[in-house]
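Reader: I'm new to this one. Could you show me the structure and walk me through its side-chain contacts?

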Amino acid sequence: MNNYAQNFDLTGKVALVTGASYGIGFSIAKALSAAGATICFNDLKQEFVDKGLANYEAEGIKAHGYVCNVCDEEGVQAMVKKIEEEVGVIDILVNNAGIIKRIPMHEMAAADFRMVIDVDLNAPFICSKAVIPSMIKKGHGKIINICSMMSEFGRETVSAYAAAKGGLKMLTRNIASEYGKYNIQCNGIGPGYIATPQTAPLREIQPDGERHPFDKFIIGRTPAERWGEADDLGGPAVFLSSDASNFVNGHILYVDGGIAAYIGKQP
Ligand code: NAP
Ligand code: GCO
C-alpha cells in the first residue's frame, strides 16, 4: 500500500534556498529541514550569512551558508560546485531571493527597472541553469520559483516587479516543459501578502495610531482577513519539494488566503 505520509519525506535530500537568512526563504528552509532535507542558503554578505546561520542554529538546524549574489553567474556556478563538493548534489532549488522597488513607472529610472528584473527574473534563470545538469545526471530534481500575486495582477508603482514575476511564471512553465522528461519538476509558489521585511512599509502604523491604508486594503481583499505569515508557505514548499508532487509540473500554487478568488470586501 502506498505510504502517503512517507511521500513527503525529504530525508537525504539537499536543498538550496536562495536569500534565506530570514523572511519567506528562512521559513521555507525550516519546513524543508523539518521534513528531513539538508539546508544550504546564500546571502549577499558574510555578516548576513552569519546572522542567517545563527537564526538556523536557534531553530536547531545545522545549515550551510554561502556568500553569493544570485545575479552573478560565475559566483552562482562556483557556489553550486562548492555545495556539490561539501554537501552533495542539489535535489531541491528554491529561487526565493527577490527585491521590489515601489516607484511610479513614469518616474522610474531604467537602471532601477533593470535591477529588479535582474534579481527577480534573470537570477532564477542563472540559478536554475547552474543546478539542472547535475539534476539530469542524478535522474531527478525539484525547482520552486517564488512568484507573486503580481504574476497575475498589476497595481500602482510595481511595474518592474510585476514584469519580473509575470516572467518568472512563464520561466517556470518553460523549465517544466523543457526538463520534465528528465524527471525534473519546476513549479511556482505565489504567496499572497506576507508579513516580512519586504512588506513592512505597507504595514507601518500611521502617526495617528491607525493601520496603514494599504494594510486595511489587504485585509479587505483577503478572504482570510489577515496577512500571511512566512510559515504559511512551509507546507506547500514541502509538497512541491517531495515525491508527493512528482506529476505536478509547471503549476503555480497560490498561497494567498484566497485573494485570487475574491473580488474584495464590499464597503
Ligand atoms: P525579504 O524579507 O526582503 O527577503 C529577501 C531576501 O532575498 C533577503 O534575504 C535578501 O538579502 C535576499 N536577496 C535580495 N537580493 C539578493 C541577491 N542579489 N543575492 C542574494 N540574496 C538576495 O523578502 P521576502 O518577503 O521574504 O520575499 C522572499 C521572496 O518572496 C521574494 O522573491 C519576494 O518577491 C517573494 N514574495 C514576497 C511576498 C511578501 O508579501 N512578502 C509575496 C509574494 C512574493 P539581504 O537582506 O541581504 O538584501
Ligand atoms: C506590493 C507587495 C507585493 C508583495 C507580493 C504579493 O508592493 O504590492 O510588495 O508585491 O510583496 O509579491 O504577492
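Author: A salt bridge here means a side-chain nitrogen of Lys or Arg within 4 Å of a carboxyl oxygen of Asp or Glu. Before we start, this is a predicted model, where local features need pLDDT of at least 70 and side-chain atom pairs count only at pLDDT 80 or more, while totals for chains, interfaces and linings use all residues. Residues are numbered from 1 along each chain as its sequence is written, chains are lettered from A and ligands numbered from 1 in the order in which they are written, and side-chain values use heavy atoms, with hydrogens and water left out.

Reader: How many salt bridges are there by this rule?

Author: One of them joins Glu210 and Lys216, with N to O at 2.6 Å. Another pairs Asp232 with Arg226, their closest N and O atoms being 2.9 Å apart. By the rule, the count is 10.

Reader: Is Lys30 buried or exposed?

Author: Lys30 meets Asp231 in a salt bridge, at 3.3 Å from N to O. Buried means under 20% relative accessible area, exposed over 50% and partly exposed in between (1.4 Å probe, protein chains only). The relative accessible area of Lys30 is 19%, so Lys30 is buried.

Reader: And the rings: how many aromatic pairs are there?

Author: Rings of Phe, Tyr and Trp (its six-membered ring) pair if their centres lie within 6.5 Å; planes under 30 degrees apart count as stacked, over 60 as edge-to-face and the rest as tilted. Ring pairs link Tyr193, Phe214, Phe217 and Trp227 into a cluster. The count of aromatic pairs comes to seven.

Reader: Why is the pair of Phe8 and Phe239 tilted?

Author: Phe8 lies in the segment before strand E1 (14-18) and Phe239 in helix H7, so the pair ties together parts 231 residues apart in sequence. The ring centres of Phe8 and Phe239 are 6.3 Å apart, and the pair counts as tilted because the planes are at 35 degrees.

Reader: Which residue has its charged end over the ring of Trp227?

Author: A charge sits over a ring if NZ of Lys or CZ of Arg is within 6 Å of the ring centre and within 35 degrees of the ring normal. Arg221 lies over the face of Phe153, at 5.8 Å from the ring centre. Over Trp227, at 5.1 Å from the ring's centre, is the charged end of Arg203.

Notes: Helices (H or I, at least four residues) and strands (E, at least two) are DSSP runs, numbered from the N terminus.
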